[in-house]
Amino acid sequence: MLGKFHGALFFVVLTSSLAVFGAGTTFAAEDEVPTFSKDVAPIFQAKCEACHRPNSIAPMSLVTYQESRPWARSIKDRVSTRQMPPWHIDRTVGISDFKNDRSLTDTEIDIVVRWVDGGAPRGNPADMPAALEWPDQAKWYLADRFGGPPDLIIESDPFTMPAESNDAWWKPISETGLTEPRWVRAIEVRPGTEAGRKITHHVIARLEQDETDPLLQNPNATADNDPLANSGLFMEWAVGKEGRVMRPDSGVLMLPDSRIIWDVHYSASGEEITDNVRLGVYFYPKGEEPKNRQVLHLMGATGGGSLDIEPNSIAVTEGYFPLKRAARIESFQPHMHLRGKAMAIEAILPTGRREILSHVGDFNFNWHNTYQYTDNVAPLLPKGTLMKVTAWHDNTAANRANPDPNVWVGYGDRTVDEMAHAWVNVTYFTDEEYDELVEARESADNNN
Ligand code: HEC
């Protein structure tokens, strides 16, 4: 109702200004019902097709008008509440510019909603944008860019997902087979087969190796009972994401005798499918070493005893992580389970000043998004900064994902237990390098 009233009001203002200025074509669209062919299809191509196309992870294709029309009501519902595309950052808090932002703009949401409200018309088929060509999924995506297939391919053991089943998490371990240290410049992860794409929801691949540099060991690890104690490299695959290419001058170091620990999230698709996951690693040529090392840290509350979530309550848990060298925060991924509600990451600077970096306000266990900061905003933090991760868990009946609000919940690996950490990718710098980076960014900002 309110929306309509605004529309009418706007129209009155518009007609009177038309009388004064003559042309008003840019405004006319506000009163027209958007059509699928002209207005909605380009949005679906850009923001939905990665998942909503045949043989991908989503339950239906949104490529053509015929495929999309039956879903109009559900589309309005999911889009207007920002549940689709899955992207759970609170844009009103801290930094919200991310390289891989797949969310809709307010204008795009408005177009989709007005299209549905206006009866979801097709419009003129001649207005349809050319169909998107998706990369050949049989090929390694980065192969062209790096002049050949990956230097190292690591495969997980296969998994069989029944036709009907609860979601499954598959955690095998694979040896990398490396006999000497190598610097990684790009990584891609993918399901082994085309059919595998229907069930593979999300992949996390951690690199476990013996770090000699204490800086790279997890200061929060509680020795034996912490399954995440010694984590290094991290790669992650979610639908719509094809590869990770390091920023210039930085790379991930893989050590001999290292191992990949997989964590693959499978969803049933209505048919039984057996598949595995493959990791393609592109190395820097031998002798060409990048200057800076990117590492993955686990920040937040970790280990047994770190969580205490009462029945029928909302719990807040805090964890801290000291940056022992100057650093740039490249990306972060909140990790909680079914009761996860929100997570904030914050930097407490050596001066005592505090800065909220980002806040995921609407966590959803189904979607393990990695938020990758754009180059011009990736936080630069001096040595001695304390990173603070705050996690909220909703153990009430109001949380629809909650299997049982009447039980106490603590830390653990099962999905009915909880976790409260963020995976944070960090590049470390010397103090001089850090000063240069800060200066370069300041002068770039001044020139804008
Ligand atoms: C990263 C993958 C991905 C992207 C991008 C994505 N979706 Fe989805 N969508 C899914 C998956 C998987 C489901 C089913 C599971 C769920 O509901 O979370 C789904 C469910 C939905 C549903 C609910 C279907 C039902 O059963 O009622 C709608 C509607 C929807 N998506 C619309 C969209 C629209 C519109 C866009 C783009 C503006 C979009 N999605 C972008 C993966 C995606």
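Trainee: What makes strand β16 and β17 a pair, and how do they run?

Mentor: Let's start with the count, remembering that this is a predicted model. Six bridges join β16, residues 340-348, to β17. Pairing asks for at least two bridges, so β16 and β17 qualify as a pair. The two strands run antiparallel, and A344 stands opposite H359 in β17.

Trainee: Which strands make up the open sheet, and in what order?

Mentor: Four strands form it, in the order β14-β20-β16-β17, with antiparallel pairing.

Trainee: Why are β14 and β17 called edge strands?

Mentor: Because each of them pairs on one side only, β14 (314-322) and β17 (354-360) are the edge strands. From one strand to the next, the twist averages 20 degrees.

Trainee: Let's turn to the ligand. Why does the ligand lie between domain 1 and domain 2?

Mentor: Domain 1 (32-127) and domain 2 (152-439) both give residues to the shell around the ligand, so the ligand lies between them.

Trainee: Which residues around the ligand come nearest?

Mentor: There are 23 residues around the ligand, and C48, C51, A58, M84 and P85 come nearest. A residue counts as near if its C-beta atom, placed from the backbone, lies within 6 Å.

Trainee: Which helix gives the most to the shell?

Mentor: That is α5, with four residues. Both α3 (36-47) and α5 (72-80) supply at least two residues each.

Trainee: How do the residues of the shell divide into nonpolar, polar and charged?

Mentor: The shell has 16 nonpolar residues, four polar and three charged.

Note on methods: Residues are numbered from 1 along each chain as its sequence is written. This is a predicted model: local features need pLDDT of at least 70, side-chain atom pairs count only at pLDDT 80 or more; totals for chains, interfaces and linings use all residues. Axes are lines fitted to C-alpha atoms, for helices over the stretch in contact, and angles run from 0 to 180 degrees between N-to-C directions. Ala, Val, Leu, Ile, Met, Phe, Trp, Tyr, Cys and Pro count as nonpolar, Asp, Glu, Lys and Arg as charged, and the others, Gly among them, as polar. Domain bounds come from an automatic or database domain assignment.
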